[in-house]
Amino acid sequence: MPTISLLDCTMRDGGYVNDWKFGRKNLVSMFERLVDAGVDLIEIGFLDERRPFDIDRSIMPNTACAEKIFGGCDRKQATVLAMIDYGTCGIEHLQPCAESFLDGIRVIFKKHRMHEAMGFCREVKALGYKVFAQLVSITAYNDEELLELVGLVNDVKPFAVSIVDTYGLLHPDELLHYYELLDDNVDPSVQIGFHAHNNFQLAYANDLAFLGKTPHHDIVVDGTLFGMGKSAGNTPIELLGMRLNDKFGKHYDVDAMLECVEESVMDFYQKSPWGYKTFFYLCGKNKCHPNYLTYFEKEQNLSTSKIDELLSRIEPEDKKLLYDKDVARQLYEEYVDGEGSDEADKAAFKKDLGNRPLFIVGPGKNIELQKQNVLRFIEANNPYVLSINYLPKDLTPDCVFVTNSKRYHDMTLTLRNTDTKVLATTNVECRNGMFDYVIQRAPLLETDENIIDNSFLMLVKFLQSVGVGEIFCAGFDGYSDKEDNYVNPAMEYGFVKQEASHLNEHMKARIAEFRETMAIQFITYSAYDATEDINGASI
């Protein structure tokens, strides 16, 4: 009867969360807890010759470093492993296994490097290690290519060959197709493993499917404590331990795993949580490398749905999982040059504005406290009223400038019952129709500031670009470290009180720069216009 082994890779895959800096006390504690839990194989980190040795990190330049961190630990039943991303740690950095704390080495490699990587696996095996050939991005292989890989595996005969769902793309039926192809063709002496990721919330479901087949080979299933790992994380090993105990007659101490989660993992989760996120879902949905999504997000110009659309356009197919910055750049430039052009919308807005004075209304408390000033100005000047990210209570603006999806969500029902037009930046998607005007967000952002998307400065920059020479403003009180900053306290951002003084100074400086080419007048009090800095307190 084939055996099932449980492998923990928290100290390796989990290191993507914290740059492998667990701290030596944590590393030793995790190792000992996993040994107490009866975990069969424990992967203690990466071998990477490019990284200097740090006793607090589970990424090491050579095999000798493992002894420096874990020396003296009792491994009991556990097989101790490390991983090499092929090409990052040469054979000269590996001791013979008999001299090493390690029992085995897992070698990860992508399809296009299978031949030389399997040659490296042969060299590692010759040093006495149990070698695992880890097939990164399994979904990149077609059946013919996978059978080609099987031929190499059967020649080298590593300890195991593993299916690696690097980007969490697999559904159970797809996983079983790969598994059955390996199970039917890999030499019986070679174990078969599976390493899941959770982009589609299917890591545990896929593991159950993997465990549910009656195999011809011994099998290895990977997990990490609390699912800690790259991108959306992995299958929680405590779930696997529970399932293997309940259905396969195993006797893993799940309580020891839970103690380890509480002692050594949760602090990292609180600082930098992993798990299912829209980011990783979009990568999985479009079967693409996450660097494409990172590239598009950095452009600061795209809504979630627009990013999704651009990801779907990545061509050719073999570029999807092998990131190519030139492909990303070309897709973005095509968007900006084509459908992303905002020249027509700028012209339409300028035509709608006509020759009326432009009155910009913000959400500061003085829009209420100095309401009579506002109403008198409107009655005397019949201005075009443009509010920013909110709809004032006692007046109906001609247009609202929207830069934030949450703010737009809050206004949607009210907007349906008014004739107020919407001027939106490209990162906001319209609901039930089209915005009246859509303008590029990226050119309006501040540079070298903690807050790059101040909506008032964005609007002034836009108005300057379309040739508006004079604006009147109300409700831009400035930031206060003592009082609520908005007429509606629900609009408050927690960080602004700590940044109040700095933000006010930055706003005053930028407005002074705009005033070199544009007349800017404040109808209500504003700390941005005050000669004395009082941290934006309302008067």
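Q: A polar contact is a pair of N or O atoms within 3.5 Å, one able to donate a hydrogen and the other to accept it. What makes the pair of His289 and Tyr167 a polar contact?

A: In this predicted model, the side chains of His289 and Tyr167 are joined at 3.4 Å. The limit is 3.5 Å, so a distance of 3.4 Å falls within it and the pair qualifies.

Q: Where does His289 sit, and which residues does it touch?

A: His289 lies in the loop between helix 11 (278-285) and helix 12 (290-298). Leaving aside residues up to four places away in sequence, His289 touches Lys110, Tyr167, Lys320, Leu321 and Tyr323.

Q: Why is His289 called buried?

A: The relative accessibility of His289 is 14%. Buried means under 20%, so His289 falls in that class.

Q: Which residues of helix 12 are buried, and what do they pack against?

A: The buried residues of helix 12 are Pro290, Tyr292, Leu293, Tyr295 and Phe296. These buried residues pack against helix 11, helix 13 (304-312) and helix 14 (325-337). Just after helix 12, Gln300 has a positive phi of about 60°.

Q: What makes the pair of Lys320 and Glu317 a salt bridge?

A: The N to O distance between the side chains of Lys320 and Glu317 is 3.9 Å. The rule asks for a Lys or Arg nitrogen within 4 Å of a carboxyl oxygen of Asp or Glu, so this pair meets it. Side chains of opposite charge can pair when their charged atoms come close.

Q: Buried or exposed: how are Lys320 and Glu317 classed, and why?

A: Lys320 has 15% relative accessibility, which is under 20%, and therefore counts as buried. Glu317 has a relative accessible area of 57%, which is over 50%, and therefore counts as exposed.

Q: How do you know that Lys461 and Glu446 form a salt bridge?

A: The closest N and O atoms of Lys461 and Glu446 are 3.5 Å apart, and the cut-off is 4 Å, so the pair counts. The pair links distant parts of the chain, 15 residues apart: Lys461 is in helix 19 (residues 455-465), while Glu446 is in the loop between strand 14 (437-439) and helix 19.

Q: Why are Lys461 and Glu446 classed as they are for burial?

A: Lys461 has a relative accessible area of 17%, which is under 20%, so it is buried.

Q: What makes the pair of Arg12 and Glu43 a salt bridge, and where are its two residues?

A: The closest N and O atoms of Arg12 and Glu43 are 2.8 Å apart. This pair also links distant parts of the chain, with Arg12 in helix 1 (residues 10-13) and Glu43 in strand 2 (residues 41-47), 31 residues apart. The distance of 2.8 Å is within 4 Å, so the pair is a salt bridge. Arg12 and Glu43 are both buried.

Q: How many salt bridges does the rule give?

A: The count is 33 salt bridges.

Q: What makes a group of residues a nonpolar core, and which residues have the most contacts inside the largest one?

A: Its members are buried nonpolar residues joined through side-chain atoms within 4.5 Å. The largest such core has 86 residues, and Phe31, Ile44, Phe109 and Leu149 have the most contacts inside it. Another core, of 37 residues, lies apart from it and includes Val460, Cys473, Leu503 and Met507.

Q: Why is a space called a cavity, and how many of 30 Å³ or more are there?

A: A space is called a cavity because a 1.4 Å probe fits there but cannot get out. Helix 17 (371-381) and helix 16 (366-369) each give two or more residues to the lining of the largest cavity; helix 17 gives the most, with three.

Q: What is the volume of the largest pocket, and which residues are closest to its centre?

A: The volume of the largest pocket is about 560 Å³. It is lined by 28 residues, with Tyr16, Asp85, Ile108, Val136 and Lys230 the closest to its centre.

Methods:
Residues are numbered from 1 along each chain as its sequence is written. This is a predicted model: local features need pLDDT of at least 70, side-chain atom pairs count only at pLDDT 80 or more; totals for chains, interfaces and linings use all residues. Side-chain values use heavy atoms; hydrogens and water are left out. Helices (H or I, at least four residues) and strands (E, at least two) are DSSP runs, numbered from the N terminus. Buried means under 20% relative accessible area, exposed over 50%, partly exposed in between (1.4 Å probe, protein chains only). Contact means heavy atoms within 4.5 Å. On a 1 Å grid over the protein atoms alone, a cavity is a set of points where a 1.4 Å probe fits but cannot get out, and a pocket is an open set with protein on both sides within 12 Å along at least five of seven lines; lining residues have an atom within 4 Å of a point. Grid points are joined across faces, edges and corners, and a volume is the space filled by probe spheres set on the points.
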